[in-house]
Amino acid sequence: MSESTSARSAEPRPDDPEPIRAVPLRHPGRWISGAIVLIALGLFAWGAATNEAYRWDIYARYLFDARITAAAWKTVQLTVLAMAIAVVLGVVLAVMRLSPNPVLRSVAWLYLWVFRGTPVYVQLVLWGLFPSIYKQIDLGIPFVHQFVHIDVQDLNAAFLFAVIGLALNEAAYMAEIVRAGITSVPEGQLEASTALGMSWSQTIRRTVLPQAMRVIIPPTGNELISMLKTTSLVAAVPYSLELYGRARDISGANFQPIPLLLVAATWYLAITSLLMIGQYYLERHYSKGLSRQLTARQLQALADAQNVPVAEAGKPTPKPGAPGEEHI
């Protein structure tokens, strides 16, 4: 097709309709509601900044106090240790619930019934009373000979009991999360693994769990954040060296509970924000291959393989003689 022919075809003809002028749809309600929200936030911030009850000078003094930072580190330790134990135990319980063994299924169901049916605060109180319930633990051959005698009342292990109490409670919820992830894997994967000669445990370990991680990771991240906040209940053990307990002890000495609560809330928000960032990248890692849209690295590799520019990589090659194709 020549250039003159192209120019003539591009010129408007008298019988052509007038081009449509698109006018964006206006949404005045959005601007009004947004302005109202901004004004309300501004008024709240101004009121909080000028309210003497918040005592921002006390807040600034204790925000990076050595006792507060040490308590924040103890809170992180409680969260990580309890969640690690809960994840491992939750996987075991989920596999037991899906096991063909009726005894394992019944024991797992009983565990979930007890720990999901009672408040975590009550469980922590019971763990605090553990030295009063079991004064001594004997390990050995029952009714014959005991090799090890542990005096529980002399342990003074409030931190350990707090970790155990949080972990055992969280394991019941993690078991249901893992079970939901396992059941989300298609039946064909199980049949293929069986056809390859894998046992039931190998199928769960090598085929099912890796694919179930995409479903397991998001609620597990939420449970981790929830665990961080649940550590404020370990005063029931009693254990008071974590963040909320330490802030409460300091406020009991200087009679300033409001700024110390704000200090604790600030540290909780900071740690939670870091956990949310880690959850985002972990979810993105396990979601690879779920979307049909290629990443920049995949497009570059495809372009290098086809020896074409990146913008044309992945586009289908038209077949010669296809309907509507014009040959010049």
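**Helix geometry, core and pocket in a predicted model**

R97 lies in helix 4, where helices (H or I, at least four residues) and strands (E, at least two) are DSSP runs numbered from the N terminus. The structure is a predicted model, in which local features need pLDDT of at least 70 and side-chain atom pairs count only at pLDDT 80 or more, whereas totals for chains, interfaces and linings use all residues. Residues are numbered from 1 along each chain as its sequence is written, and side-chain values use heavy atoms, with hydrogens and water left out. With a relative accessible area of 24%, R97 is partly exposed, given that buried means under 20% relative accessible area, exposed over 50% and partly exposed in between (1.4 Å probe, protein chains only). Although R97 and R179 are 82 residues apart along the chain, their C-alpha atoms are separated by 7.9 Å.

V178 itself lies in helix 8 and counts as buried because its relative accessibility is 2%. The C-alpha atom of V178 is separated by 7.8 Å from that of A212, a residue 34 positions away along the chain. In soluble globular proteins, nonpolar side chains tend to be buried together.

Helix 5 also holds V114, which at 36% relative accessibility counts as partly exposed. The C-alpha atoms of V114 and A172 are 8.9 Å apart in space, while the two residues are 58 residues apart in sequence. A further pair is formed by Q189 and T203, which are 14 residues apart along the chain and have their C-alpha atoms separated by 8.7 Å. Q189 is placed in helix 9 (residues 187-195) and, at 31% relative accessibility, counts as partly exposed.

The second largest pocket has a volume of about 280 Å³. For this analysis, on a 1 Å grid over the protein atoms alone, a cavity is a set of points where a 1.4 Å probe fits but cannot get out, whereas a pocket is an open set with protein on both sides within 12 Å along at least five of seven lines, and lining residues have an atom within 4 Å of a point. Grid points are joined across faces, edges and corners, and a volume is the space filled by probe spheres set on the points. The second largest pocket is lined by 16 residues, and those closest to its centre are V87, I217, T220, G221 and L282. Helix 4 (66-97), helix 8 (158-183), helix 10 (200-230) and helix 12 (257-286) are the elements that give two or more residues to the lining of this pocket, with helix 10 giving the most, 8 residues. By class, the lining comprises 12 nonpolar, 4 polar and no charged residues, where Ala, Val, Leu, Ile, Met, Phe, Trp, Tyr, Cys and Pro count as nonpolar, Asp, Glu, Lys and Arg as charged, and the others, Gly among them, as polar.

Helix 10 bends by about 50 degrees at M213, the bend at a residue being the angle between axes fitted to the seven residues ending there and the seven starting there. The end C-alpha atoms of this helix of 31 residues are only 36 Å apart, short of the 45 Å that a straight helix would reach at 1.5 Å a residue; the expected span is 1.5 Å times one less than the number of residues. For helix 2, by contrast, the end C-alpha atoms are 33 Å apart, in agreement with the 33 Å that its 23 residues should span at 1.5 Å a residue. Helix 2 is hardly covered, as the count of buried residues among its 23 residues is 1.

Backbone geometry was also examined in the loops. Most residues other than glycine have a negative phi, and most peptide bonds are trans. R55, in the loop between helix 2 (28-50) and helix 3 (56-62), has a positive phi of about 50 degrees although it is not a glycine, and at 30% relative accessibility R55 counts as partly exposed. F255, in the loop between helix 11 and helix 12, likewise has a positive phi, near 60 degrees, and is exposed, with a relative accessible area of 67%. A cis peptide bond, with omega of about 10 degrees, joins V237 and P238, and P238 is found in the loop between helix 10 and helix 11 (243-254).
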